[in-house]
Amino acid sequence: ERLPQYELERVLRERAGELEEIIIHYGWKAKTLTQDAAGVSVGMEEEETGNSRTVNAKFAAGCDGARSFVRETAGIEQDIDPHDRKMTLLVFKSKELHDLLERFPGKSIFNILNPELEGYWQFLGRVDIDGTWFFHAPVPANTTADNFDFKSFLHAAIGAEFKIDFDYIGFWDLRIAVAKTYRGKRIFIAGDAAHSHPPYGGYGVNNGFEDARNLSWKLVGELAGWAGECLLDSYSFERQPVFVSTSKDFIGRMIEDDKAFGSTYAPDKDKAAFEAAWAERAAGGNADVTQYLPHYEGSTIVWGRTGAKSGATGKHVFTARAGHHLAPQSLTSGEAMISALGLGYTLLSFGGEDHVREAFQKAADHRNLPFTVITDNSMEARDAYGAIYILVRPDHFVAWAGNTLEVPEDKILARACGD
């Protein structure tokens, strides 16, 4: 479903406003950030009045975008891959374009592959069904909102003329950046503060959500007292390799593949060869997003394969694999597995032994872990997962899976909570 960022943010703001645990300060800006062995202090200033105040906490998470004040203040360095492209973002209304592109029913995103752009996309998408569009494209470095003919630019990209009413003309720099670590003692970074890239493939918001999901339950464990010494460190160790892989294996690969395609194939050079290669692309041969599978196989807090590495590529299967998100299945009752999982750790037992479940529960109680046991006789789920027992983390990633306890249950839980 197409959802512009401002609409997504509206939904999130409304939901956050409903939660008693969250206090929102609109119109305030962080001006200072310090930390010591006891906690973090953030000095804030209200932009409208100039009033100031200080917020103290045990930890701080900077979710403040690609130019992150928090990241810079914490002294966290980045690896930057500068692509040296000035990009424009246009938001406009055009009912004529809506009608023109109805020839591609059901499509909401359109990419223009121009060989002269050497792999960099021109792409546009529907914002709504009333004829509002966005458009991203490389433009000359000296382009401003006033010295460039954006209407002719759009007409050339689409290959037809149509009426345009601009709502917004802006610019951004195309680069790929990733922080070397997502943690600086008591300060963490997430979302674009930790990693940024061109809006190719929708990877940005998905990575940001998973950052928040990964960090939040680990902070809960630390504040509640059941987290091991390595649990908070595992946030960076798990999430950072995922984005490195995303940028290399998908975003960077897309640019290089499109550059190679544009320089090799063209209808006016060899139409038959072009059409054959284009058909292969359409079948998913170009940076196929079905290979996108963020996972933590190399994490120190899961029981993964020896020598495994975390990343963003893989094959989607139902098998329960340590470091991978639990795949969807249903319980015998028909309830979705994801809905049945507890807020903390969950042990799934499909026809398993009572003493195993009891041993896990006892070990979890000893560690004061939030722990749920789900016993079910679904052989369909058991066969799909390939395991009788599955230990699921609070973020719904698998910590351990097996048919027998080859490793003591307390040792399994110890690793899962960072000991």
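The dialogue below moves from the whole chain to a helix pair, then to charged side chains.

Biologist: How many helices and strands does the chain have?

Modeller: This is a predicted model, and its chain has eleven helices and 18 strands. The C-alpha trace spans about 70 × 60 × 40 Å along its principal axes. Of the 419 residues, 44% are buried.

Biologist: What share of the contacts between residues at least 6 apart in sequence joins residues at least 24 apart?

Modeller: In this chain the share is 65%.

Biologist: How many salt bridges are found in the whole structure, and by what cut-off?

Modeller: A side-chain nitrogen of Lys or Arg must lie within 4 Å of a carboxyl oxygen of Asp or Glu. By that rule, a search of the whole structure finds 22. One of them joins D99 and K95, at 2.9 Å from N to O. These two residues are four apart in helix α3 (residues 95-100), so about one helical turn separates them. D99 is partly exposed, at 43% relative accessibility. Elsewhere, salt bridges with shared partners link K218, E238, R393 and D395 into one network.

Biologist: Which parts of the chain does the salt bridge between R85 and E118 tie together?

Modeller: The side chains of R85 and E118 meet at 3.5 Å, N to O. R85 belongs to strand β5 (residues 78-93), while E118 sits in the loop between β6 (109-112) and β7 (122-126), so the pair ties together parts that are 33 residues apart in sequence. R85 is partly exposed at 25% relative accessibility, and E118 is partly exposed at 40%.

Biologist: Is R186 buried or exposed, and which side chain of opposite charge is nearest to R186?

Modeller: R186 is buried, yet has no salt bridge. The nearest side chain of opposite charge is that of D36, 5.7 Å away; a salt bridge would have to fall within 4 Å. R186 lies in the loop between β10 (183-184) and β11 (187-189). The side chain of R186 reaches the backbone oxygen of A37 at 2.9 Å. Leaving aside neighbours within four places in sequence, the residues in contact with R186 include Q35, D36, V40, K58 and F59.

Terms used
Residues numbered from 1 in each chain as written. Predicted model: local features only at pLDDT ≥ 70, side-chain atom pairs only at ≥ 80, totals over all residues. Heavy atoms only, no water. Buried < 20%, exposed > 50% of the residue type's maximum accessible area, 1.4 Å probe, protein only. Lys, Arg positive; Asp, Glu negative; His and termini not counted. Polar contact = N/O pair within 3.5 Å; in protein donor to acceptor, adjacent residues only side chain to side chain. Contact = heavy atoms within 4.5 Å.
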